[in-house]
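Have the viewer open as you read.

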Amino acid sequence: MSGSNGIVVSGLRREFRGGIKAVQGIDLEVAPGEIYGFLGPNGAGKSTTVLMLTTLLPPTGGSATVAGFDVAGQGAQVRRVIGAALQEAALDNYLTAHEHFELQAGLHGMARKQRRARAVELLERVGLTDAADRKIGGYSGGMRRRLDLALALVHRPRVLFLDEPTTGLDPQSRSALWEEVGRLAGDEGVTVFLTTQYLEEADVLADRVGIIDRGRIVAEGTPNALKAAIGQSSVEAVPADPRDRERLADVLSRFGEPASASPKGVAVRLGGGTEELVDVVRALDAAELSVAGLQVHEPSLDDVFLAKTGRSLEGAGDQPAAEERAAVPA
Amino acid sequence: MTAFGQVAVAVARRNLLVTFKNPALILPAAIFPLVFLLAFAGGLSNLANVPGFSFPSGYTSFQFVFVFLQSAAFGGVFTGFAVAADYESGFARRLMLAAPNRTGLIMGYVLAGVGRFAFTASIVTIAGLAAGMQVDGGVVELGGLLVLAVLVNVVATLFGVGLCMRTQSMQSVPFLQIPVFLILFLAPVYVPLDLLDGWIKAVAPYNPATAFLETGRGFISGEPDHVLVAFAAAGAMVALLGFYALRGLRKAEAGG
Amino acid sequence: MSTSVATQVGFIARRSVRRTFRQPAVLVPTIAFPLFLLAVNASGLDSATNLPGFPGDSYLDFAIVVTFMQGALFAATTAGTELATDIESGFLDRLQLTPLRAVAILVGQLAGAVTVALGGAAVYLAVGLIAGVTIVTGVGGALVLLGLATLIGVAFGSIGAFFAARTGSSQAVQGLFPLLFVTFFLSSINLPRELIEIDWFRTVAGANPVSYLVEGMRSLVITGWDAAALLRGFGVAVAVSIVGFAAAASSLRTRMART
Ligand SMILES: Nc1ncnc2c1ncn2[C@@H]1O[C@H](COP(=O)(O)OP(=O)(O)O)[C@@H](O)[C@H]1O
Ligand SMILES: [Mg+2]
């Protein structure tokens with residue numbers, strides 16, 4: 001992928017003072033125009049990776065290229081072709097959106113007229129035209145994120161880094177942002193490296209997902225492939241008459257191991273995949289069991305995370321990065 | 001204990017704990033008065049040689065009284081900051097909800113202000129004595145100086161509490177500092193009243209701080225002067241600003 | 001598409017000035033307070049002019065330069081707080097993703113702070129003149145005075161920036177204020193050094209660079225063209241600026257260790 005807009009990472013590491021191993025040797029490749037979702041709990045090492053790939057933090061081991069440039073040795077070239085919206089969405093509360101553009105585009109060397117036109121275009125695109133001359137201090141969290149994204153695009157980057165772009169956003173703002181990111185990759189061929197703690201975000205938005213935990217990539221692939229490799233679908237049935245619950249369980253047990261279900265229902269893992277659903281329905285019919293509800297649960301990325309780490313993604317965060325940390329005197 | 005007393009003690013305790021655990025809060029409170037004492041009593045001691053200057057106990061004592069009363073006032077001002085900070089952090093709202101007697105809040109802040117002053121007063125006094133300050137007043141007179149300073153402290157706290165309960169913002173800090181500075185410095189700070197010149201000469205005689213300073217200096221030199229005026233002024237200000245603080249509390253209650 | 005350092009400085013300076021003027025609650029008291037102190041001290045300390053050996057007969061003339069020192073202090077806290085806040089908030093990261101150079105941030109931030117300090121100095125000078133300050137060296141002296149005041153602003157501003165770059169904490173920068181305040185008081189800011197009676201205080205004031213800054217500016221107002229005083233004043237200001245700037249630049253470069 002050399003020379004193109006891809007990302008190639010090999011054995012990348014970052015150790016902080018005090019022996020904290022935030023990133024412990026990761027390998028990954030992102031194809032041009034691809035949306036790569038970097039999924040992991042709090043403290044997994046996502047931001048550290050992004051900072052290294054955006055040249056803001058020197059790696060302590062391994063190597064990486066972005067658009068063919070070495071992040072350690074060719075920082076200036078890398079910065080010229082990337083845009084980034086970092087985790088904090090640091091904006092100046094006393095400046096307006098337009099003034100942010102003026103500053104950032106100006107520092108990128110754009111001429112005054114060009115700056116203004118680009119700002120107008122991008123603000124329109126993220127729906128901030130009306131708020132463009134207001135100071136950021138009065139912006140909502142969603143508005144800040146959208147402005148941050150627009151600012152990251154000001155110099156037409158070929159590779160875009162987004163560090164938890166939707167954390168703390170309401171569902172509308174979130175899906176608006178997804179749409180915009182999807183458009184960037186789809187229509188403009190921008191390569192997107194996006195970190196998230198949200199399963200759904202990785203699932204819906206990313207072409208490929210890397211799951212990171214404690215500084216290591218524990219699984220990688222398209223969301224479907226990941227889920228298919230790990231999980232089996234399960235089917236849950238709720239009997240119309242609660243007294244039939246036992247009998248229902250008997251019938252279902254022919255199709256697979258019991259799985260967790262809602263209090264009134266019974267669920268089993270489908271050993272043979274969703275095609276078996278038809279057989280399940282037939283069997284229920286044959287046993288003259290009437291059901292109030294029948295649902296198929298697809299495996300989620302959480303199941304993948306669970307299978308790889310033994311923990312659920314929700315609530316897995318904020319643990320020490322590595323055992324090494326415990327040994328470090330404060 | 002009554003609800004009033006309980007609330008007062010709880011608020012004062014927390015306030016002082018927060019202050020004394022935070023070096024960023026307590027160090028300036030300790031250092032600033034010392035710097036003033038050093039700069040004024042030390043750096044300006046030659047002013048005692050200005051023709052017409054007469055103060056029996058020497059320039060260090062002369063300035064000690066100013067710095068002592070100043071730190072009393074600023075003990076109150078800093079308490080005002082704490083109120084503003086409590087509102088900004090949302091803690092004050094919780095206090096208002098939890099306190100069975102909200103007037104006790106004001107009393108708590110007043111006690112905290114006195115506690116702050118007790119700390120700086122000790123430091124300044126030790127520094128003054130170490131610098132060879134001459135004390136000619138007796139126990140009664142020194143007691144008078146202390147009571148006067150505490151009254152000044154309470155006045156400043158009530159002003160700070162009243163203001164900050166209204167604004168509920170650290171942005172109002174300058175509006176708290178500047179008037180207090182103004183009143184303190186529009187007085188015979190460096191030389192006695194009769195040696196003042198210019199526009200201060202016209203203003204100072206009507207400034208209550210002048211009365212506090214002159215009476216305080218009278219106490220330390222063992223020659224108390226217009227004591228009644230000073231205490232009457234201090235008492236009146238406590239009453240007035242007490243009312244101001246209480247109204248502030250009512251406004252805060254109505255708003256939140 | 002690459003910008004010159006001068007252009008970058010311009011962008012950063014403009015932002016800094018904008019920010020300052022959009023916080024009137026900070027700006028107005030910091031400009032007003034020195035004037036207020038001047039008014040109070042000019043009158044309250046006027047009898048000091050009766051001391052044998054006091055230069056001139058107006059304490060106002062003697063004290064006007066103190067406002068410039070406070071303006072410089074303001075420059076220090078502005079430059080420092082702004083930079084530290086940018087480090088804390090991550091705004092510096094945003095800037096770092098552009099081709100911006102570390103030295104441009106520093107110069108820009110200082111330029112912004114000094115512009116505001118210079119504006120303040122002009123206000124102080126104007127108010128002083130209206131109140132009856134006479135500058136014996138005339139218009140030329142007033143200009144040199146503003147020049148020295150600006151340089152002192154740079155000196156203190158770079159100390160503030162150094163603190164910020166080093167600690168990355170705006171609280172630490174706030175802690176700088178009382179420290180500098182103390183050094184002001186332990187100088188000849190309130191009385192000429194010869195008139196400080198207490199020996200150790202006089203010694204400290206003599207060793208305190210602040211004394212030479214104040215005396216350099218003061219010479220223009222009350223003594224006339226005094227080459228020695230000006231040399232010491234400008235010398236100290238330049239030396240502190242150079243040392244402060246070098247330290248700040250080196251700390252900032254370390255902090256901005258992008259590849
Ligand atoms: N500058 C730093 N110094 C020391 N430890 C750090 C630093 N930055 C991050 N860490 C630690 O490295 C680990 C990974 O952090 P981070 O990359 O921010 O995780 P994520 O973005 O996935 O939440 C965490 O344990 C964090 O505490
Ligand atoms: Mg992160």
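Is Pro157(A) buried or exposed? Because its relative accessibility is 6%, Pro157(A) counts as buried (buried is under 20% relative accessible area, exposed over 50%, partly exposed in between, with a 1.4 Å probe and protein chains only). Before going on, some ground rules: this is a predicted model, where local features need pLDDT of at least 70, side-chain atom pairs count only at pLDDT 80 or more, and totals for chains, interfaces and linings use all residues. Residues are numbered from 1 along each chain as its sequence is written, chains are lettered from A and ligands numbered from 1 in the order in which they are written, and side-chain values use heavy atoms, with hydrogens and water left out.

**Around Pro157(A)**

You'll find Pro157(A) in the loop between α5 (141-152) and β7 (159-163) of chain A (helices are DSSP runs of H or I with at least four residues, strands are runs of E with at least two, numbered from the N terminus). Setting aside neighbours within four places in sequence, Pro157(A) touches Val81(A), Ile82(A), Gly83(A), Ala152(A) and Val190(A) (contact means heavy atoms within 4.5 Å). Arg80(A) is 77 residues away along the chain, yet its C-alpha atom is 7.4 Å from that of Pro157(A).

**Cavities**

Searching the whole structure turns up ten cavities of 30 Å³ or more. On a 1 Å grid over the protein atoms alone, a cavity is a set of points where a 1.4 Å probe fits but cannot get out, and lining residues have an atom within 4 Å of a point. Points are joined across faces, edges and corners, and a volume is the space filled by probe spheres set on them.

| Cavity | Volume | Lining residues by class |
|---|---|---|
| Largest | about 190 Å³ | twelve nonpolar, three polar, no charged |

For the classes, Ala, Val, Leu, Ile, Met, Phe, Trp, Tyr, Cys and Pro are nonpolar, Asp, Glu, Lys and Arg are charged, and the others, Gly among them, are polar.

The largest cavity has 15 lining residues, and closest to its centre are Leu37(C), Asn41(C), Gln70(C), Phe181(C) and Phe185(C). Elements giving two or more residues to that lining are α2 (23-43) and α7 (173-185) of chain B, plus α2 (24-44), α3 (59-89) and α7 (170-185) of chain C. The second largest cavity is lined by residues including Glu88(A), Asp148(A) and Arg94(C).

**Chains**

Two pairs of chains are in contact, and A and C share the most contacts. Chains A and B have no contact, with their closest C-alpha atoms 15 Å apart.

Definitions and conventions
On a 1 Å grid over the protein atoms alone, a cavity is a set of points where a 1.4 Å probe fits but cannot get out, and a pocket is an open set with protein on both sides within 12 Å along at least five of seven lines; lining residues have an atom within 4 Å of a point.
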